Amino acid sequence: MKRKWVAMGIAATLVSGALGTQVSAASNEVKVKAQSDFGTPSFLAGKLTTPSKDAAQKVLFDYMNNHKSSYKLGNKKAEDSFAIKESTTEADGTKVLRLQQQYNGVPVWGSTQVAHVTKDGVLKVVSGSVVPELDKQEKLQNTKKIQSKKAIQIAKDALGMTPTFEKTPKAELVVFMKDDVAHYAYFVNLNFLTPEPGNWNYFLDAATGEILNRYNNMDGVSGTSTTGTGKGVLGDSKTLNLTLSSGKYYMQDNTRGSGILTYDMKNRTFLPELFLPGTLYSSTDNVLDSTYEKAFVDAHYYAGVTYDYYKNTFGRNSYDNKGAQIKSSVHFNKNYNNAFWNGSQMVYGDGDGTTFIPLSGGIDVVAHELTHAVTETSSNLTYQNESGALNEALSDIFGTLVEYQSNNNPDFEIGEDVYTPGTAGDALRSMSNPAKYGDPDHYSVRYTGTGDNGGVHTNSGIINKCAYLLSEGGTHYGVTVTGIGRAKLGAIFYRMNTSYLTSSSNFSQARAAAIQSATDLYGASSQEVTSVTQAFNAVGIQ
């Protein structure tokens with residue numbers, strides 16, 4: 001762990017990657033806002049089609065088939081190249097389709113798309129990069145494959161440890177791009193908590209077993225309903241929703257979604273009870289004020305506050321918008337200086353008392369981790385490079401917005417309540433001034449190395465600074481931004497994350513998606529659209 005823990009118009013332009021090269025587009029009905037590194041469109045917005053009574057899926061696929069040269073689908077039709085993974089309807093009747101690119105029925109890793117079709121059958125947005133001309137990729141013509149169990153064993157051996165897996169590893173066949181070359185590959189996920197937490201993704205060439213890529217996907221972080229009280233890590237009192245059963249008060253909140261449950265890991269990394277996340281914490285009374293209970297109180301209470309923020313602000317029912325149960329495990333390991341979302345739950349260490357106190361004591365830490373879950377179940381931003389930095393920044397941004405919503409000593413610093421208790425005034429990261437802790441605040445000074453999964457925590461500072469300027473205003477690198485406030489920042493970035501970003505989105509696509517989101521919410525000629533544009537300009541993202 002590094003020090004850091006955790007506008008439609010007639011004129012059409014094409015923004016090429018992060019360089020901002022502008023090229024005239026062909027149609028006066030289309031505004032091409034971003035292009036992928038493959039030379040295919042990654043964000044199209046406008047009146048892309050005429051009204052139609054056809055189903056939204058047919059409208060989209062007809063459009064893509066009519067623009068096969070742009071998407072470079074080769075000899076494949078759109079119906080064969082994409083699978084509809086989800087279809088939802090917005091309040092105005094717009095159909096939102098989420099797609100997965102595939103080749104001969106095999107999913108293309110990280111290549112997801114989203115499309116919006118109005119109730120009148122007009123395609124208005126297509127977002128997400130498409131990997132082109134897969135039919136010309138030589139390695140995809142080779143159908144020879146090693147056995148999947150051999151791929152799993154290779155991945156296990158490469159870990160360099162013998163963990164106890166939280167779930168049985170499986171190998172999924174995917175198309176994986178490396179250095180512009182497509183491979184059939186086995187995707188193997190290894191998820192474990194002992195001897196140290198890990199959620200490793202391995203990609204192995206399906207023909208040879210060669211490891212093409214690997215990265216740690218872990219950030220790092222019945223009875224009767226009743227209430228109780230408790231004291232948190234910082235000594236403040238809170239009211240808790242509990243469950244009374246057989247004379248015990250359990251940390252189970254039944255008032256939100258499918259419940260909020262808080263477990264005790266008892267300072268271990270693994271509990272043998274059927275791989276459960278620990279023991280559901282209980283007390284003989286409903287007053288939780290001992291030193292050991294403080295971390296439970298905050299993890300439980302702040303998970304509820306975060307749930308309420310997303311529900312009351314955006315109508316989102318839990319992190320997956322389907323009422324998913326929210327689980328937290330407290331007292332993980334000994335002196336553990338981190339918190340993380342492991343793909344199914346949140347886990348909090350107690351800290352060593354010098355670098356950290358119990359991490360669940362920071363409301364922005366809890367909201368940060370739960371926002372990773374929101375992202376995973378919406379845009380599913382890949383946790384590497386720019387998409388991973390977007391993932392981290394979104395968690396920082398909404399962690400801060402939840403902190404402000406609860407009026408809990410709010411500021412634009414991250415983790416300040418639980419970091420270095422002996423040092424006043426410092427934090428893990430700063431949204432207002434990322435450079436204060438060594439993070440870049442402009443695209444021109446971004447980190448380009450391979451550490452930190454390609455700079456997911458480091459380069460998040462660029463998006464964090466953009467968000468701060470959008471909310472509060474200011475002048476940065478000679479560009480003046482008119483602030484629009486935290487509520488509108490949240491509305492725009494939430495829509496950006498849940499409606500437009502895809503697994504492979506980079507900073508340039510985020511700019512296009514944010515402008516489109518502001519346009520949807522406030523109108524193309526609004527101050528909000530102008531401010532979004534100014535904010536991305538100020539941090540050098542084109």
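Let me begin with the largest nonpolar core, which has 84 residues, and in which Tyr-348, Ile-397, Phe-398, Ile-463 and Phe-493 touch the most other members. A nonpolar core here is a set of buried Ala, Val, Leu, Ile, Met, Phe, Trp, Tyr and Cys residues joined through side-chain atoms within 4.5 Å, and buried means under 20% relative accessible area, with a 1.4 Å probe and protein chains only. Helix α5 gives the most to this core, with 10 residues; helices are DSSP runs of H or I, at least four residues, numbered from the N terminus.

Please keep in mind that this is a predicted model, in which local features need pLDDT of at least 70 and side-chain atom pairs count only at pLDDT 80 or more, while totals for chains, interfaces and linings use all residues. Residues are numbered from 1 along each chain as its sequence is written, and side-chain values use heavy atoms, with hydrogens and water left out.

A second, separate core of 23 residues includes Val-131, Ile-152, Phe-165 and Phe-192.

Now let us return to α5, which spans residues 294-314 and holds His-300. Is His-300 buried or exposed? His-300 is buried, because its relative accessible area is 4%, and, not counting residues up to four places away in sequence, the residues that His-300 touches include Leu-240, Met-251 and Asp-253.

Terms used. Helices (H or I, at least four residues) and strands (E, at least two) are DSSP runs, numbered from the N terminus. Buried means under 20% relative accessible area, exposed over 50%, partly exposed in between (1.4 Å probe, protein chains only). Contact means heavy atoms within 4.5 Å.
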